[in-house]
Amino acid sequence: MDTPLHWDAIVIGGGAAGLLCAIEAGKRGRRVLVIEHSDRVGKKIAISGGGRCNFTNVHTTPEAFLSANPHFCKSALAGYTPRDFIDLVEKHGIQYHEKKLGQLFCDSSSQQIIDMLLNECSDAGVEIRCSCEVESIAKDDAFQIKTNQGLFSAASLVIAAGGLSIAPLGATDFGYRIAKQFGLQIENARPGLVPLRLDQDLLNKLRKLSGISIDARVSFDRISFRENILITHRGLSGPAILQISSYWRPEEPIVIDLLPDSAAIKLLREHQGTPTELTTLLSRYLPKRFAHAWCELHAISKPLRQYGRRELDGIATKLHQLQITPSGTEGFRKAEVTAGGVSTTELSSQTMEARKVPGLYFIGEVVDVTGHLGGFNFQWAWASGYAAGRSV
Ligand code: FDA
């Protein structure tokens, strides 16, 4: 049998979390190996933010994350803030801008973030092996990792293999399998930040509206997001829908407020004595095609003076509380993230180390911490990677 090559820490997964973790551990003088099964690291970083990587959000707070334990993310987020990552970006001379709502993007290309991480890895003496397939993991005094490139051992093993979204970019269930192998609980992994599908009947009615975008407030339970929704040929998308999708539960309705800035009943009553048609009035506040389709579905358009008081109340309610029950999501194929994952009850919130398995760490998307849209998921990857990198 081969003598294993020994490392202080092995990180499996060369994505955002794994690379940041490796850099921090390397800077502390640890001998670190990153194992990546794809032919190159950072494939998700490359395509993120439409190719410009929305690398953090300056308004990061724990409230922007979902988890069975909403407090878990606090320590890591406090230990490595958006400012820390911005300092790194500035140190490398990468130009960036705020697009909206605190979202920071590269001016030029996501590749700059990957190059920055690779340069930092190189400075910290981190070795990276791509196209390296893990065949098995065992633990005695150290972790023994059998791969297609040989046998490696390490005192600390960091699982940074990400979630299930977008398999062509390297996503696998590897992290969950390793968690199960070591007896750790998993919170049901499900698609997050994902378009929602509508049943065929409703799609047929909305067919003509495909491509229309509306500024709306979308709610589920007591959570709501005010951003655009986009009608597509398969259902609903756009930032407000992606955000609410992470909270949505199958077979339950989402509620859409189509006039979030106006009191619909006031608008309707103001025009009640006039010959103005309902569609004409609504077209002042909503895209014209949408206003027409909405009337076809929910109210017969006629001059407003022909409506009774009760009818107007009903119309106003429907404008503010349009209930739609999606038939499903577009699944991991289209999901930006995986919600759920390795249960936070199994991990130290300070270091990300598994309580039951000393030396085993889980970081990034594989953990049951999922950010809202807008740079929060990378911030979690950096922060959880940093926490583990300080500990391994
Ligand atoms: P990540 O998935 O980045 O990395 C995991 C790595 O492990 C991959 O390189 C994978 O190949 C590797 N791996 C998996 N199994 C393995 C195995 N068995 N052996 C070895 N290696 C293995 N977020 C954000 O904040 N801003 C944004 O702009 C975007 N944009 C965006 C666009 C799109 C299209 C998607 C799909 C996602 C985003 N995200 C985002 C989300 C963000 O990309 C995601 O949250 C982070 O990449 C998670 O970082 P991780 O390092 O945890 O996983």
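## The ligand shell and the chain around it

The model is a predicted one, and the values below were computed from it.

Of its 31 residues, Ala17, Glu36, Thr172, Glu365 and Phe378 come nearest to the ligand. Glu36 brings a polar side-chain atom to 2.6 Å from an oxygen atom of the ligand. Glu365 takes part through its backbone: one of its polar backbone atoms is 2.8 Å from a ligand oxygen atom. A polar backbone atom of Asn377 lies 3.4 Å from an oxygen atom of the ligand. On its own the ligand has 1,000 Å² of accessible area, and the protein covers 93% of this. Helix H1 (16-27), helix H2 (43-47) and helix H13 (376-389) are the elements that give two or more residues to the shell. Among these elements, H13 gives the most, with 4 residues.

Next comes the chain as a whole. The protein chain has 392 residues, and 53% of them count as buried. Its secondary structure comes to 13 helices and 21 strands. The C-alpha trace spans about 85 × 40 × 35 Å along its principal axes. Among contacts in the chain with a separation of 6 or more, 71% are between residues 24 or more positions apart. The accessible surface of the chain comes to about 17,100 Å², and carbon and sulfur atoms account for 49% of that surface.

H6 runs over residues 174-181, and Phe174, Gly175, Tyr176, Ile178 and Ala179 are buried in it. What covers these buried residues includes several strands: S1 (5-12), S8 (134-139), S10 (150-159), S11 (186-192), S19 (337-342) and S20 (360-362). Just after H6, Gly183 takes a positive phi of about 75 degrees.

Arg177 belongs to a salt bridge. Its partner is Asp173, and the closest N and O atoms of the pair are 2.9 Å apart. Side chains of opposite charge can pair when their charged atoms come close. Asp173 has a relative accessible area of 34%, so it is partly exposed. Arg177 also counts as partly exposed, because its relative accessibility is 48%.

The structure holds 21 salt bridges, and a few others can be followed here. Asp201 and Lys205 meet through their side chains in a salt bridge of 3.8 Å, N to O. Both residues lie in helix H7 (residues 200-206), 4 residues apart, which is about one turn of the helix. An α-helix has 3.6 residues a turn, so residues three or four places apart point the same way. Lys205 is partly exposed because its relative accessible area is 44%.

In another pair, Glu330 forms a salt bridge with Arg333, with 3.5 Å between the closest N and O atoms. Glu330 counts as buried because its relative accessibility is 10%, whereas Arg333 counts as exposed because its value is 54%. Salt bridges can also join into a network, as they do for Glu24, Lys27 and Arg390.

Two loop residues complete the tour. Lys334 is found in the loop between strand S18 (328-329) and S19. With 45% relative accessibility, Lys334 counts as partly exposed. Leaving aside neighbours within four places in sequence, Lys334 is in contact with Leu193, Val194 and Pro195. Val158 is 176 residues away from Lys334 along the chain, and the C-alpha atoms of the two are separated by 27 Å.

His271 is found in the loop between helix H9 (264-270) and helix H10 (278-283). Is His271 buried or exposed? Its relative accessibility is 15%, so His271 counts as buried, the limit for this class being under 20%. Apart from neighbours within four places in sequence, His271 is in contact with Thr276, Leu281, Arg284 and Leu304. With Arg284, the side chain of His271 makes a polar contact of 3.3 Å.

Key:
Residues numbered from 1 in each chain as written. Predicted model: local features only at pLDDT ≥ 70, side-chain atom pairs only at ≥ 80, totals over all residues. Heavy atoms only, no water. Buried < 20%, exposed > 50% of the residue type's maximum accessible area, 1.4 Å probe, protein only. Contact = heavy atoms within 4.5 Å. Polar contact = N/O pair within 3.5 Å; in protein donor to acceptor, adjacent residues only side chain to side chain. Near = heavy atom within 4 Å. Areas by Shrake-Rupley, 256 points an atom, 1.4 Å probe, with all protein chains shown as cover. Salt bridge = Lys/Arg side-chain N within 4 Å of Asp/Glu carboxyl O.
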